[in-house]
Amino acid sequence: ALPTVRHRTPMLSLENVMNDEELREWLARIQKAAPEGASVPFSVEHKMDGVAVSLIYEYGVFSMGATRGDGTEGEVITDNLRTIRAIPARLGGGAEPPLVELRGEVFMSIRAFAEMNARRGGEGRLFANPRNATAGALRQLDPRITAERPLEIVIYGTGALEGLPQPTQDTLFRELLPRWGLPAPRFYRRAANPGEILDTYRRTQAERDGLPYEIDGLVIKVDDLELRQRLGARSRSPRWAVAFKFPARQATTRLLDVELQVGRTGAITPVANLEPVPIGGVTVARATLHNPKEIERKGILIGDTVLVQRAGDVIPEVLQAVASRRTGSERPFRMPRDCPSCGHEIHFPEGEIVPYCPNILCPAQVMGRLRHFAGRRAMDIDGLGEKLIEQLVEEEGVATPSDLYHLSLERLAALDRMGEKSARNLLAAIDRSKERPLARLIHALGIRNVGEHVAAVLARHYRDLDRVAAAGAAELETLHEVGPTIAGAVAEHFAREETQREIAALRAAGVRMRDEGVGADSPPPEGLPLAGLTFVLTGTLSRLSRDEAAAAIEARGGRVASAVSKRTSYVVAGDSPGTKLAKAEKLGVRILDEFGLEALLAEGPRAKEE
């Protein structure tokens, strides 16, 4: 029920490194990008185990707060964030810049969390850990409930800024945040080399359990703004920062049984049912066993005492059996021949380790596809949760995503725990999903090997689902970031009769099949004025934001890259362009100022040539 907002600059996640070797490899990549012989400054912070948020201050006044969401869009939680005492309503020090976008981590201290759970006592279920309690508090519809939770925040970075230069971490933490009245990270160190980073990591790991709050590693950042710009970012994470994670927490418990889980693609994976055991503040009762061959390789028996860890402090997995504690009552796991969901014979492809159910009408697959289709990162149908999907499949015969668009108020209201108001809200959410962008629809279709990023690449290039469906594997493989495996999977998916029937049904239901502004007679991507051209933006643009410039280029068929190379067609240079401009001049890449870009956008490549 919370409204959503598009972040002014994306809230990227962090790439993880798990050991010394991976850290050294990352540091070597950073050093390679730096000017020869230059010393790269780094900052080291605690990786807080909380919830990332964005704070917007306009002319010094706190105007909006949002969750990270999917990195592009988040949920608006302004009123809930106002209840956190550490977030001032107005920036201190007389600061009134037009816009300050701050990134922070909301968390709960270990002591405050324990005291809150103690107060709850017999009033209901206790919270599992501080992070879950924090996430629940921030998404309350009633801010008075949020105000009862002992939430804190630290600010770890900035997004969009107007009227201020982009600060280094040192300037932000030591000067700006104290002046503005906002809390900086409680742990912050400068590091000049790998040895200093590793020493800090080992000391912090040893002291971890004595800290007043939960952390799961360190965040290492390049603290040179020019080098950050040169390094750029991937689709979901910056290249200039990394999370150096602590080893997974482990515990031993008993393996009670093994059950099979059928995914939306038909893949069948074994899941361990465990005697519940606390690991790092979370009670673990289920864990992955990956595949039948992995169970055999590890020699795990049902009834064994097993070593379990939360990989990345998140996903529980069974590492090994503790053979010395066997009693003789243990038994081996036997893979059945039939699917546990539909009874169809399981297929064991030669040369593959994961068996699968080939029946596309298998109820578990149907529910998996519907969950994926309705998910926040796909068609985002609010209110369509797992229990409701289960009812729709079992009681209403819903078998495909297109069936969702034919549900009636009467059918929904009659379902368990629904009622007319909830049914109306769900129908409204289903109706809103018809207008999702093409990239969301492509992702929602559940094509193998096609995640959000590749879906966006396909949508940006073709702009129409019919054009994606008509492209063969050879054509798809020519696209940047689409290799032979992805191209083959996309072509195979759209060649299936059931896919063609489903697309026709979605179209008949009114689901949008092309991006706004692109009609049936619009030119294909290769006919757009900037098709085949690659742009790199550097420096500050005064007439357009970088995001607006990138969107305008992509709307005309061009591609925006983060680094200059021989393949770059144009570098667009604003104020303080940095090293990208020098590299473009060295490589002989054509350079545009902001007015040149506007002419190119208006008239195409000939404008620049003339």
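Predicted model: local features only at pLDDT ≥ 70, side-chain atom pairs only at ≥ 80, totals over all residues.
**Second largest pocket**

I counted 33 lining residues, with R264, T265, I360, R369 and R496 nearest the centre. A pocket is an open set of points on a 1 Å grid over the protein atoms alone, with protein on both sides within 12 Å along at least five of seven lines; lining residues have an atom within 4 Å of a point. I noted a volume of about 1000 Å³ for this pocket. A volume is the space filled by probe spheres set on the points, which are joined across faces, edges and corners.

Which helix gives the largest share of this lining? It is α19, with five residues. α10 (363-374), α18 (484-495) and α19 (497-508) each supply at least two. Helices (H or I, at least four residues) and strands (E, at least two) are DSSP runs, numbered from the N terminus.

**A504**

I stayed with α19 and looked up A504, which sits in that helix. A504 counts as partly exposed because its relative accessibility is 40%. The classes are buried under 20% relative accessible area, exposed over 50%, and partly exposed in between (1.4 Å probe, protein chains only). I then checked A504 against S402, 102 residues away along the chain. Their C-alpha atoms are 9.1 Å apart.

**Cavity**

Rolling a probe the size of a water molecule over the atoms shows where empty space is left. I found one cavity of 30 Å³ or more. A cavity is a set of grid points where a 1.4 Å probe fits but cannot get out. The largest cavity has a volume of about 40 Å³. I listed its lining as M48, D49, G50, F107, M108, P130, R131, T134, Y213 and E214. By class, that is five nonpolar, two polar and three charged. Helix α4 (residues 130-138) gives the most to this lining, three residues.

**Positive phi**

Most residues other than glycine have a negative phi. I noted Y59, not a glycine, with a positive phi of about 50 degrees. Y59 is in the loop between β4 (51-58) and β5 (61-67). Is Y59 buried or exposed? Y59 counts as exposed, at 52% relative accessibility.

I also noted H290, with a positive phi near 70 degrees. H290 lies in the loop between β14 (282-288) and α9 (292-298). Its relative accessible area is 33%, so H290 is partly exposed.

**Whole chain**

I ended with the chain totals. The chain has 23 helices and 22 strands. Its C-alpha trace spans about 75 × 60 × 50 Å along the principal axes. Buried residues make up 45% of the 610. The chain exposes about 30100 Å², with 48% of it from carbon and sulfur atoms. These areas come from the Shrake-Rupley method with a 1.4 Å probe; for residues, only the protein chains shown count as cover.

**Bookkeeping**

Residues are numbered from 1 along each chain as its sequence is written, and side-chain values use heavy atoms, with hydrogens and water left out. Local features need pLDDT of at least 70 and side-chain atom pairs pLDDT 80 or more, while totals for chains, interfaces and linings use all residues.

Key. Nonpolar A, V, L, I, M, F, W, Y, C, P; charged D, E, K, R; others polar.
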